[in-house]
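User: I am new to this structure and would be grateful for a guided reading of its sheet and its charged pairs. May I put some questions to you in turn?

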Amino acid sequence: MYKFSAIEIRDQFIRGDISASAITQHYLNRIAKYDQKIGAFLSVYEEQAMMQAKQLDQKRLANQPLGKLAGIPIAIKDNILVKGEISTCGSKFLTNFKSPYQASVIEYLLAEGAVIIGKTNMDEFAMGSSTENSALQKTSNPWNLKCTPGGSSGGSAAAVAGRLSPLSLGSDTGGSVRLPASFCGVVGFKPTYGRVSRFGLVAYGSSLDQIGPLATNTADTALLMEVIGRHCPKDSTSIALGPEDYLSQFKDSIAGMKIGVPWEFLENLADEPKKIFQQSVNLMKQLGAEIVDIDLSILKYSLAVYYILATAEASTNLARFDGIRYGQRSPKAKTLEEVYDFSKEEGFGAEVKRRILLGTYVLSAGYQDAYYKKAQKVRTLILRSYKEAFAKCDLIASPVSPFAAFEIGAIKDPLQMYLEDIYTIGINLAGLPAVSIPNGFSKDGKPMGLQLIGAQKHDREVLNAAHILEKSLAFHPAIPELVKEETSA
C-alpha cells in the first residue's frame, strides 16, 4: 500500500476495497518498523488515529458523505497546533505545552476525512536548515541515514520520503518546506503568503511564515491545497479567496509558456547541481516552453535582508516564551526576574538564542534605521524585481539548494548553514508561491530538487507546470531502499 499515492489510497477506501482502519494500521506499522532509524516523528497518535479511522469506516458503511482526504493519514509538523496534544516546536521549552485550541488547517483536514497520524520533528521554533537544531531528537534522511533531511520541516519530509505517511504539513519561512523536500526526494510546496491560514501555527517570522504541503507527487500536493487553501477569518493576513479547484483545472502542456531563468544569479552554482538543473531546463524546452533570461541579481542581498527581518520578527514573537505564560519554568528561579532569565537560558537552544539576540540588536535604538528599516527597503526592491521578471515570463525556474543533502554535523559554521537557503528565501520575502520537485540524483545517490516559482496567487499554475514536468521525469516518485518492502501488504 505504501507505494500508492494519497489519491489512490482515498479512492480505494471510498470504493470499499480497503478500510480506513487497515490503511491507518498499515502506516502505523511502518512507523513502528522504520522510524527508529529515521526519527521523523516526535509523537504518534496511534489511539486517536485508529479512532478517527473507525469513524470513517462507519460513515462509509452508512453511505454518509466522505471528504476529499477520506482515509488518508497525514503527519503534522510540531509547530502546528492540534487541540489537546503536546506541541513542542522541537524545543525543551514547550515539552509540557498542551494546545488548548486547534489550528485552522487541522480543522480543514479533519472536515475532509484526513487521519492525523502524529507530529513530526523540526528545527527548534523552525530555526534551521537541517533539523539538527531540534532539542528533542535527531532526524535522518531516508536516502542516507548519515545525512540531514533538511530543515526546518525535516521530520515532515522524512516521513513522506520514508512512506511513513502519504502526506504531511510543514511550514516555510525561508525555504523550510522546499529544502527538505529537495533533500528527501519528495514534492514540497510553499503557497502564496496568506493563501493558507497561519492561525494555530507557532510564529517565527510572521510576515514570512506559510504552512505548506509535502507529498510524493504534485497531484497529491494539489489535492491537499484544495483543502487547506482557503480564507480564514481567524487570520488577519489570510487572502480573501475561497477554496480553489486545482486538479480539474490542470492543463496537459507547457508549450508556449515562458520560463524565466536568472542565469547571472546562478553563476556560482557547482558543476553537478548546475548540470542537473540544465537538464531540467532542456526538458522544458523539449516540452515546448520558451526559456527567458531574467535579472534577479538583487537576490544577492536576500540572505542579509532575510536574517535581519526574520530575526527581528522572531525576537518579538518569542518574547512570550518567558516561563510565566507558556512552557517550562526553571526550578532554580526564586524571583520573577530569575524566572525570565533562567527559563529562557535553559529552555532555548543555541540557534534560537543567536537569532533572538540578532533580532533584538537590529531593533534596538540607534540600529533600527541602519539595519531593520534599510532591510525593509531592500525587500521592496526584491519584490519589484520579481514583478519585473514576471512581466517577461510566466514562471521562474531555479535549483532549490546549491547542494544535495549533507552529512549530519558536517556544517559547523552558522553562516555556512544560512547559505543553504540562498535560492529559497527571496520567494518568502516577496510572498510568492514556489514548489520543489525531484529532478535528479547526485553521483552518490542523493536527491536534488527543481524549484518553480510563480507570481502571487498563481499557485495553481505553479503546481500545474510541476505536474507536467514530473510526468517526464522517469525516476519519480522514487522510494529509498531503506524503506522498501517485498510486498505492498
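User: With which strand does β7 pair in the parallel sense, over two bridges?

Analyst: This is a predicted model. Strand β7 covers residues 258–261, and its parallel partner covers residues 395–399. Within this pair, Gly-260 stands opposite Ile-396. The partner strand is β9.

User: In what order do the strands of the sheet stand?

Analyst: The sheet is open and has mixed pairing among its 11 strands. The twist from one strand to the next averages 30 degrees. The order is β1-β3-β2-β4-β6-β5-β10-β11-β9-β7-β8.

User: Which strands stand at the edges of the sheet?

Analyst: Strands of a sheet pair through backbone hydrogen bonds, either parallel or antiparallel. In this sheet, a strand at the edge has a single partner, so one side of that strand is left without a neighbour. The two edge strands are β1 (41–44) and β8 (290–293).

User: At about what angle does helix α3 run to β3?

Analyst: Helix α3 comprises residues 46–61 and lies across β1 and β3. Strand β3 spans 115–120, and the angle between helix α3 and β3 is about 160 degrees.

User: How many residues apart in sequence are the parts that Arg-30 and Glu-485 tie together?

Analyst: Arg-30 and Glu-485 form a salt bridge, their closest N and O atoms being 3.1 Å apart. Arg-30 belongs to helix α2 (residues 20–38), while Glu-485 belongs to the segment after α15 (459–471). The pair therefore ties together parts of the chain whose separation in sequence is 455 residues.

User: Is Lys-119 buried or exposed?

Analyst: The side chain of Lys-119 meets that of Asp-78 in a salt bridge of 2.8 Å, N to O. This pair links strand β3 with the loop between β2 (73–77) and α4 (104–111), 41 residues apart. Asp-78 has 2% relative accessibility and counts as buried. Lys-119 has a relative accessible area of 0%, under the 20% limit, and is therefore buried.

User: What is the relative accessible area of Asp-444, the salt-bridge partner of Lys-446?

Analyst: The closest N and O atoms of Lys-446 and Asp-444 are 3.4 Å apart. Lys-446 is buried, at 13%. Asp-444 is exposed, which requires over 50%, and its relative accessible area is 53%.

User: How many salt bridges does a search of the whole structure find?

Analyst: Side chains of opposite charge can pair when their charged atoms come close. Among the salt bridges is that of Lys-119 with Asp-78. The number found in the whole structure is 18.

Notes. Residues are numbered from 1 along each chain as its sequence is written. This is a predicted model: local features need pLDDT of at least 70, side-chain atom pairs count only at pLDDT 80 or more; totals for chains, interfaces and linings use all residues. Side-chain values use heavy atoms; hydrogens and water are left out. Two strands pair if DSSP finds at least two bridges between them. Helices (H or I, at least four residues) and strands (E, at least two) are DSSP runs, numbered from the N terminus. Axes are lines fitted to C-alpha atoms, for helices over the stretch in contact, and angles run from 0 to 180 degrees between N-to-C directions. Contact means heavy atoms within 4.5 Å. A salt bridge is a side-chain nitrogen of Lys or Arg within 4 Å of a carboxyl oxygen of Asp or Glu. Buried means under 20% relative accessible area, exposed over 50%, partly exposed in between (1.4 Å probe, protein chains only).
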